[in-house]
Amino acid sequence: ASLLLLCFRTSLVTALILILLLQLPLTQLSTVTQPNIVLLMADDLGIGDIGCYGNDTIRTPNIDRLAKEGVKLTQHIAAAPLCTPSRAAFLTGRYPLRSGMDAINNYRVIFWNAGSGGLPPNETTFAKILQQQGYSTGLIGKWHQGVNCESRNDHCHHPLNHGFDYFYGMPFTLISDCQPTETPEMDRVFRRKLWLYTQMIGLVTLTAALGRLTGLISARWKTLACLAGFSLLFFLSWFSSYGFVRYWNCIMMRNHEVTEQPMVTDRTTSLILRESVSFIERNKHKPFLLFLSFLHSHTPLLTTEKFLGRSSHGLYGDNVEEMDWMVGQVLDAIDKEGLKNTTLIYFASDHGGWLERKEGKRQLGGWNGIYRGGKAMGGWEGGIRVPGIFRWPGVLPAGTVIDEPTSLMDIYPTVVHLAGGVLPQDRVIDGRDLMPLLRGTVEQSEHQFLFHYCGIHLHAVRWHQKDSGAIWKAHYVTPVFHPPGAGACYDRGFCPCFGEGVTHHDPPLLFDLSRDPSEAKPLSADTEPLFDTVIRKIGRAIEEHRRTLTPVPEQLSLYNAVWKPWLQPCCGTFPFCWCDKEGDN
């Protein structure tokens, strides 16, 4: 009996040792083997527009479920307050200044599909590295990083040239011009000026011709003909682009092929959702990266009929609730294919909500909660603090909230690490791998300083003083709100980065975000004993940061920004660009 008992104990110990030995590789397997990666990015969504971030009137149950089953970041920061530079930083893990994707002028985003600027071909996106690691990579939705450089079909800035195997969506961004029933949005003030100048030149020409006919003016007919020709050329020079914005910018593409020109907005949402689910189904047997870049909740707020009138926040709320439903459909597709436990899901917005976006009394932009400012403001929290949610069942602890400074740029090293790739060694990568923080193996973010740019202009700097827990933020430049105290630039539609519309601060405005997240009460040397020490420390960090910057071509220069007919994507023979290949199918 004692011999049997000894054998039993020996067998039990051996079994336990085997189980422990087996569990270690299995635990490592969940983080080392290549998970599927689904990146969900909203457009212009405010951090205060989601239930799990404090909104109790717009219903977002699917996004809230992601937070409940995963990790919610409360200090997740965009590298820029506008679409093009923020997304460039997201894709490259680098401040947009490093790739030339931040503006030196007032053209702060890609303005035309037929512009020559865009994400440079020599930038290495996370998609390119994951592609090299054997991932199927797909981008569905918005791109807004440029298309061509020198000819209509060189596609140098196109998603397929930046590591994506498959692209379906808008190479540009959604704007109100895409809806024939909406008031034009693109360069609205500039367009009005051009139309006024055209009328003035035309009036001068007509007056001169009438004066010649009546004998009041002795000008030669040849001179008047030249004046009339100039008037016509001036009109054609701008109307050939601005008069056809819907055809030039509001297009849909599948890979390199234009499928809708102009896009049929009534079915855009269903097509983007269909393409996303189809990509998951096609690639379920191998690791895949899906970047679903929503057109929601950018104006003109394309919303299908079944969601109209459902929210308490008008059309904007309806649009956010529809996006949440789309998130739920993608989650259902992942569950249906049995991929839930092998898929990392990330949800964020590219920057803060657009406070100034109104039509009459209708508020068409988002809400940034307790945070000051909004879209286009590079320094204030409302322009750059965004939702950030991760879910990976069995790997990331459910229901976790992390209040450490993190950045959209951190996605780059995080997904590259998970895919088994290596970060580029020939350039500065500003992002940091988030997995140790998300898994709880470390308690503090790797970021000590974060630099907040508006175009190429440094507006603010954040210092995470880890020994005290303080999060200092110094503002060197702030926009001038109009009307005063309104919290936004309602007179301009956007807050500027430089010029008469900003105020320079010396000494800078200083806040401790750990005590004053709304940036309501600036500190001074009289109220904060550490004021001078903090300002000196941040000043030295700026000097060190600037030493890491190198000159690069400006992708958003005036030349790169203007419309060039020879670069225009066209599904016919230019200028006769019209097609509806989705409708044909």
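In which sense, parallel or antiparallel, do strand β2 (residues 71-77) and β11 pair, and over how many bridges?

Reply: Strand β2 (residues 71-77) pairs with β11 in the antiparallel sense, and the pairing extends over five bridges. This is a predicted model, in which local features need pLDDT of at least 70 and side-chain atom pairs count only at pLDDT 80 or more, while totals for chains, interfaces and linings use all residues. Residues are numbered from 1 along each chain as its sequence is written, and side-chain values use heavy atoms, without hydrogens and water.

Strands (E, at least two residues) and helices (H or I, at least four) are DSSP runs numbered from the N terminus; two strands pair if DSSP finds at least two bridges between them.

β11 also pairs with strand β8 (residues 343-349), again running antiparallel, through four bridges. G388 in β11 can be followed into both partners: L73 stands opposite G388, and A348 also stands opposite G388.

The UniProt record, in an unreviewed entry, lists residues 35-420 as "domain: Sulfatase N-terminal".

A cavity is a set of points on a 1 Å grid where a 1.4 Å probe fits but cannot get out, and lining residues have an atom within 4 Å of a point. A volume is the space filled by probe spheres set on the points.

The largest cavity contains about 80 Å³ of space. Its lining includes L174, T268, T269, I272, F294, H296, N319 and M326. Helices α8 (268-282) and α9 (314-336) each supply at least two residues of this lining, and α8 gives the largest share, three residues. In the lining of the largest cavity, seven residues are nonpolar, five are polar and none is charged.

The second largest cavity has a volume of about 60 Å³. Among the residues that line the second largest cavity are Y107, F111, W112, G115, Q555, L556 and N560. The lining of the second largest cavity likewise divides into seven nonpolar, five polar and no charged residues.

Note on methods. On a 1 Å grid over the protein atoms alone, a cavity is a set of points where a 1.4 Å probe fits but cannot get out, and a pocket is an open set with protein on both sides within 12 Å along at least five of seven lines; lining residues have an atom within 4 Å of a point. Ala, Val, Leu, Ile, Met, Phe, Trp, Tyr, Cys and Pro count as nonpolar, Asp, Glu, Lys and Arg as charged, and the others, Gly among them, as polar. UniProt positions are given in the numbering used here, feature names are shortened, and annotations may be inferred rather than shown by experiment.
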